[in-house]
Amino acid sequence: VNQHDLYYDERLRCALHAAADSVEPDRDGLERIRARLATPHPRSAAGLLAALSRLTGRAGEDLRAATAWLLAPPGTAVPGPAVPRPVGRRRDRPIRAADWRTWLVPAVCALLVVAVAAGPASLSRLFGGRHAASGATPAATARSNEAAGWIATQVSRSTVVSCDPAMCQALAARGFPARNLDRLQPGATGPPAAGVIVATMAVRQQFGGRLGFGYAPEIIARFGSGNSQIDIRVVAAGGAAAYRSALGQDQQARTAAGRDLLSSGRVVASAQVRRQLLAGHVDSRLLVTIANVAAIHLVSIVAFGDSGPGVGTGSPLRAVYLAEAGHATDAAYTRAVRALLRTENPPYRPTLIQAVRLSSGQRVIRVEFAAPSPIGLITPFRAADVHPGGGPLSSAGPTLSYHTG
Amino acid sequence: VTAAGPGDVAGTGMHVTEAMPAGAVLVSVLAGQDADSALTALYTEHYQPLVRLAALLVGDVAAAQDAVQDAFVAVHGSWRRLRDSDRALAYLRRCVVNRSRSVVRHQGPAALEPSAEIATLTALPPRQREALVLRYYGDLAEAEIAAAMGIGRGAVRRYTAQGMAAVRSALETDP
């Protein structure tokens, strides 16, 4: 081994370790493994159901033929069924009634055994044929419905969503604008021309690893697991590396903005809320919104919510529950906040401003923004940009502590 | 694989009183345990490195996690056979490599990071890629790589040499 070889050995080793270090497995791996252990192996189940289907199909034919025989006058010959016959019997020879008595009882017994073994749900699926025809299991259908429902309510309607035909149809049925649905063509493997892509099993197979490590590295919501898993991913127009870099800078800016908010003396926050703000977990639009509200009224941040199902803290929190600090949140305060936020222009106009009552009885205002969270709206505070006397956050609004883009 | 130090082994209720190589700790901890406890111990120690290994092989974290979870399920099912041996990790590793190979066969290879080295590695035939990943990321010995890939040591040497030659050639033209 010469120095030349060692150089490339070391180069490859470093590249592999760097790439591997960027991989952070989900924390629910053990739960997923246990869930798989608790459910039958899909292939075995599929094989069993296929076998049962064949068996019940044959039994059904037998039953129909037997019914025809029972209804026929005694001694009448009936057409021969498609069942194995003894060797040597002529194919066109009609089966006599006496022959069928030996088949009737086994056929009925077979049906009963199948009904007991497979259960009513499996039988209805086998005979109904709806799921079998579409290739979707009830679990997959449920996850698909969940994902479509989440997208329809949480993803901005101005965002173009790439999806397979079935998912696009489901989204259109839920009122998502058809003009913003990008139906993925079979065989297309280039970068999706969209802001969000719905990674169903079909889409994952179509794009392979290009999705996770190239076109759409960030998952903002996840439904189900295994083959029925559906990931809602943000498309990185400039590639995964540029996206991750921008995301890192954005999180730094959000952390700085969160720190400024907390040190402004205009907000009251619980320990949990403080941790989320200081970790940069809060959507930049929310930070600006809270700063705007806090500039006028002292505000209590009761809690944050909605980071997307199945992704933990990986995706910014897009909703906040606000209350008037030191007072019960009354209708006048709600009206004032609503009036203030409704004057905002996109992207700072919330999709939801709602007065709600928490289980504790406290009245709060829920402010929510649509997914996906934009990146680069705010940039980190730079001391040189602040005029003398300018505090980290004041009544002049959010732009004193960070710059909105 | 990192060395385990003194402390509780998560989820097993057992205590490691002195630092020793992780594999050795694990084997001693696993001996005599039931499948569920062993699964937890194996998961605690090896899940993340195995997902990273699989991600390097398949180029997709979700698919890598699926492959590794499948492997853990397989180990759980085979625990009766494995429990008295020190082959739990080797078996797990082999399952991961096999399942990753299956993923690549169905979905095609993908690059984990857009670096020249990884792109070159992704373009290699699957066996060469596996041999290089197991050697340069897994830091495995030739025999361990052979066991993980289910091939002989001679074949490992051949795949490694061929793969490395291709990587050098590609990187020399694209430094």
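Across all chains, the structure holds 1 disulfide (a pair of cysteine sulfur atoms within 2.5 Å). This is a predicted model, in which local features need pLDDT of at least 70 and side-chain atom pairs count only at pLDDT 80 or more, while totals for chains, interfaces and linings use all residues. Residues are numbered from 1 along each chain as its sequence is written, chains are lettered from A in the order in which they are written, and side-chain values use heavy atoms, with hydrogens and water left out.

**Cysteines**

- The disulfide links Cys163(A) and Cys168(A), whose sulfur atoms lie 2.0 Å apart.
- The link of Cys163(A) and Cys168(A) is right-handed, with 95° about the S-S bond.
- Cys14(A) counts as partly exposed, at 46% relative accessibility, whereas Cys95(B) is buried, at 6%.

**Strands of chain A**

- Strand S3(A) covers residues 196-199; strands are DSSP runs (E, at least two residues), as helices are (H or I, at least four), numbered from the N terminus.
- In a regular strand the side chains alternate between the two faces of the sheet.
- In S3(A), Val196(A) and Val198(A) point one way and Ile197(A) and Ala199(A) the other, and all are buried.
- S3(A) runs parallel to S1(A) (residues 161-163), to which 2 bridges join it; strands pair if DSSP finds at least two bridges between them.
- Val161(A) has Val196(A) of S3(A) as its bridge partner.
- S3(A) runs antiparallel to S5(A) (residues 230-234), with 4 bridges between them, and Val198(A) stands opposite Ile232(A) there.

**Helix H2 of chain A**

- Helix H2(A), residues 29-38, has as its buried residues Gly29(A), Leu30(A), Arg32(A) and Ile33(A).
- These residues line one face of H2(A), because they fall within an arc of 160° seen down the helix axis (the arc of the directions from the axis to the C-beta atoms).
- Their cover includes S4(A) (218-223) together with H2(B) (35-58) and H3(B) (61-77).

**Chain B overall**

- Chain B comprises 9 helices and 2 strands, in the sequence order β-β-α-α-α-α-α-α-α-α-α.
- Of its 175 residues, 51% count as buried.
- Among chain B contacts (heavy atoms within 4.5 Å) between residues at least 6 apart in sequence, 55% join residues at least 24 apart.
- Chain B exposes about 7,500 Å² (Shrake-Rupley method, 1.4 Å probe), of which carbon and sulfur atoms supply 51%.

Technical notes: Buried means under 20% relative accessible area, exposed over 50%, partly exposed in between (1.4 Å probe, protein chains only).
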